[in-house]
Each structure stands twice: as C-alpha cells, then as structure tokens.
Amino acid sequence: MSTRSRSMDTDAANLTRRYGWLLVALVMVTLFAAMLFPEGVLSSSPRSRLRVADALVCFDPQVAELDVGVTQTVSLMVYDVTDFYGVQMELRFDPATIQILDANPGEPGVQVGVGDVLAPTQTALDGFMLQTVDNDEGRIDILASFAQPDPPFSGSGSLIHITFLSLDGGTSDWTFDTLVLSNSTGDNFGEVEICNGSVVVLDGTYTPEPTPTHTVAAAATATATATATPTQTPIPTAAVAVLPPRSEFDLGTSVSVQVVVSDVVNLYGVGFELSFDPSLVQVVDADPGEPGVQITLGDFLSPDIVGSHAVDNAAGTIDIAFAQMAPSLPVTGTGTIAIIVFTGTNAGLASLTFDSAQLSNPDAIEMPADAWHGELLVVDLTQPTPTPTATPTPDPAPGDGATLVGLVSFQARPAPPHMDWTSPLSVTLQMANGGGADATFSPTTDATGVFTITNIVPGTYDIAVRDRNSLWNVRNGYALTAGINHVNMGTVVAGDANNDEIIDVLDFSILASTYATSFTDLGWDPRADFNNSGAIDILDFSLLASNFGRSGRTILAP
C-alpha cells in the first residue's frame, strides 16, 4: 500500500471519528422525514400534507394559468372527511377577470357543476342543493345536504366543478367568505383547512359574445314551475289529538284536557279509544247523575247518536263514539270533540295513547286521520322539585305575585285556534338592571299561542322567548306588577334546529337527515318540524330556506 493510500485511510478514519455522529443524525432525519412524508417532502399533492384539521378543502388545480378568451374548469376537492353530510359556502372571484359559464342551461340562472361527493343532492329523494352564481358581483353561493335514506360520505372527492371563461389579464383569487361542513347529526367539523386557489390570466382583452341561453332557460323554467307547483302545497291530513299534548299538575289536583280534531272536511261522526295509566290518574265523572263515569262531549259535532260512552277507571280506557243525524250538517275545520278531567292519584308520567281513532263523513266513509298522543305528569310537591330554576326569586307573599300571560305567534301555521299552535317554549326572565341569574321556564302554548307563568316577584324584567326550533324574541324592560300582565312576544323566527342562534347549513343537515318522516316514523326528529305539523316535508324546508342566514335575538319594540 502506498504512502498516499495510507494517508487517505488515516484521514477517513479521523473524519469518521470526528463527524460520525453527524452522519448518523442525517440518516435518522432522513428516515424520520420518510415516515412523515411518505410521498416526498417536496410533493405538492394536498394528500401529502401533514394535517391536524378535520377536513382539507383544496382547488384542483390550485393555480390555473391561461390566455384571454380560453375556457377552463377547476374542481373544489375535499379530502379525508368522515361522516360528511352537507356544505355551505360563499365563494368570491374577480368578475373583471373571469366569468362563470353555465353548467346546466336547462335551469334558470348560471349553475356550477356538481361533483361526485354532492351528486346525491341532485336526487329529489336523497338531498337538496341550492346554488346562486352572480357574474356581476363575482360570487358563488352553495347550500347542499344529503337526506335520508342517503348515507353520509367518508373519503375524498369533488364538491363542485367551476367552468369559467377568461375575460382580461390579471389574477382572480378564489376567496371564501363562508365555508361550513356538516356531519349527519347537524354538527360542524371542528376545523377545516383550505388550500387557496387562483386563476392567472395572461395580458390581453376579450369581449364575450352575448348568448341567448338564459332567455331560453327562463322560458323553460316557467313551464316547469307551473307543473311542479301543485305538489308543494299538500292537502292537510286530518288529525285527532290530545290538547295540550303535555300537562303537568300536582298530586291530588285535577287537570282538564281536550280531544281535538283538526283539518277535517265534511265530518259527521267520530270514535276513539284512549288508554291511560289507572295507577297514576283517574277520570273525574262529569255527570254524577248518570250511571258510570262520564266525560263531556265537545260542541264541534252534535252528539245526535251516541254509540259508545264508556270510561273504565280500573282498566284505564275511554271508548267514545257518536255521530250527527239529519238535519245536522257536516262540519269542516278544527274543533273539540271531548273534554276529559283527570285527577292525579300517584306521582309519575301517564301516557294518553290512542288505540284507535276514526272519522266518518255523511256517507259513512272513513276518512284518514293521524293520531297525536299526550302525556300527564303528576308531581308530588312533598318531594324535591326537579326544576329549581322555575322560580326566578323566592316566592312572593300570597296575593302579591305577578302572573305573566304571554302571546307568541308562529310562522307558516294554520290560523289559530289550531292544534299546531300548541307548542313547548323556553322562556327566561332576568331583572332589567342585570341583577341575578336568568330564571328559566318551560310553558306550553294553547291553541292560540297563549302561555302563562305564575308566582313571579313583581319588578322590571327582560323577557326572552323561543320555540323549540326558533330564534329568540326579547322584550326588554317590561314591568310586571302584582296580578295579571299581558305581554305580546311577537312572531318567532323558525329554523334554528340546533339552538345555536343561527340558521345555517347545520340546521339544513338536521332537516335533510329526517326529511319525509312523521312523528310515528323511525328517524323522526322534532327539531326539524318547524311548523309543528307532525310531518317534516317541503313546507319545513321552505320555511328554513326563507329564514336562512338569520341569526341572533330579535329585540321587540317597546
């Protein structure tokens, strides 16, 4: 071996001893990077990014470069989502640089293309999609959600495809004003990461020729709308219901409930079998002069012929059947057919269940009808109350308390009195000077929207009220004096299914997930029954759509 070779070996050994730790460190860093970035640390694919967000939304391509007068398509992609069910987005672009081209000339206005993820929303039974493209303002609004029975989406795919024409040189960024993703339970994703995109148009000037496509689409739409209109206003189904649906009263006291029929046409006879828990409640005899136990028949129908009037307090059953006869005329509308007084014998929750309910016209033909059951809650005052917030402050002295008789109105419900106006409320009272915590109440309105809260310490209060799926209405600085106080709380805004004080895509997804169900169906979600009809249909959808985007509390004028 030459002297030069020995010298090189010695130098290598010295380098190894001095810098071997560095070589080991470099190897470790390389291996660690390979684990973190299996597709390469320089990869530009969105999938290769190290993410901590719950969803990744990116444009593909992220940067589109083209000449003036050229058409191109970009896709908005979503990656690695789980249980995706709906999306709300407000996307802006520069209308002086690009113009969105219509992906569906058969529909009014300008449309973007629907990607594979949102494809089910194009099927009437599986989802909903609302979109608006404004080429003057440079704005794309999308609201889309799946509906039952379509399952949620998990994985990666395209949300929308945007085809555009370049008009003039410059750069148009895709900018989100709003981007909300919803899961199947109506909750939003915790964090959504966005890969912003842009369109670069090379210098030049281009003036697009006018196209008649929008005029043709408008004409076609007029015909389609005229055909579809009758299906959006279904004939109401008659119903037999316990009103109010839930009554709470003290052990040893009595409560009166009504059996009401609604939305009937040419009613001439009625019969129902109602079951209750005889260990908790008993029917109070309305006519002790007659044998057996009686209830009071309502005045909506004339009881010219009574086929059955049997109350069995031992078995817990009520069997009623009666009809009119000439010259009595059939009746149409809503009214009371029976009044039942119950007394509480033991504390507990007693269900009032219709075993059968039949309505008949003058030709003895049975008419279809829904049955709405009820509940009686008997409270034992000797036990600790489960709702300590029901009293805002210590009880006033007897005779000195204030009673709040409130009136609340609802959107898109039949004219009162009507059973659809019987609704549970949330009501809060707070001293107007800000002192003390809110007192919370849960009254139920009657068929005219009236509710009552008693035993309030007189004073000046801020009063807030909401339905189970509406925004709050607030009346500030209202003086409640000893005795009766009548307060009009206005019309509440429907559509807030998840009670977060904003009507948005999360509420939309709740509705979509339970669409086309009624209160007797599996999958029924009363939060989406915005008109309290017992069925979730296009009327609820239209009500949500009309209030979409509203938020916060409505402060009523003094």
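Accessible areas here come from the Shrake-Rupley method with a 1.4 Å probe, and for residues only the protein chains shown count as cover. By this method the protein chain has an accessible surface of about 27,100 Å², of which 56% belongs to carbon and sulfur atoms.

The model is predicted: local features need pLDDT of at least 70 and side-chain atom pairs count only at pLDDT 80 or more, while totals for chains, interfaces and linings use all residues. Residues are numbered from 1 along each chain as its sequence is written, and side-chain values use heavy atoms, with hydrogens and water left out.

The protein chain holds 4 helices and 32 strands (DSSP runs numbered from the N terminus; helices are H or I with at least four residues, strands E with at least two). Of its 558 residues, 41% are buried (under 20% relative accessible area; exposed is over 50%, partly exposed in between, with a 1.4 Å probe and protein chains only).

A nonpolar core is a set of buried Ala, Val, Leu, Ile, Met, Phe, Trp, Tyr and Cys residues joined through side-chain atoms within 4.5 Å. The largest one has 60 residues, and Phe84, Ile100 and Trp174 have the most contacts inside it. Strand E3 (residues 71–92) gives the largest share of this core, 9 residues. Apart from it lies another core of 37 residues, including Val257 and Phe354.

Asparagine 498 sits in the loop between strand E31 (483–491) and helix H3 (505–513). Its relative accessible area is 21%, so asparagine 498 counts as partly exposed. Isoleucine 510 is 12 residues from asparagine 498 in sequence and 8.0 Å from it in space, C-alpha to C-alpha.
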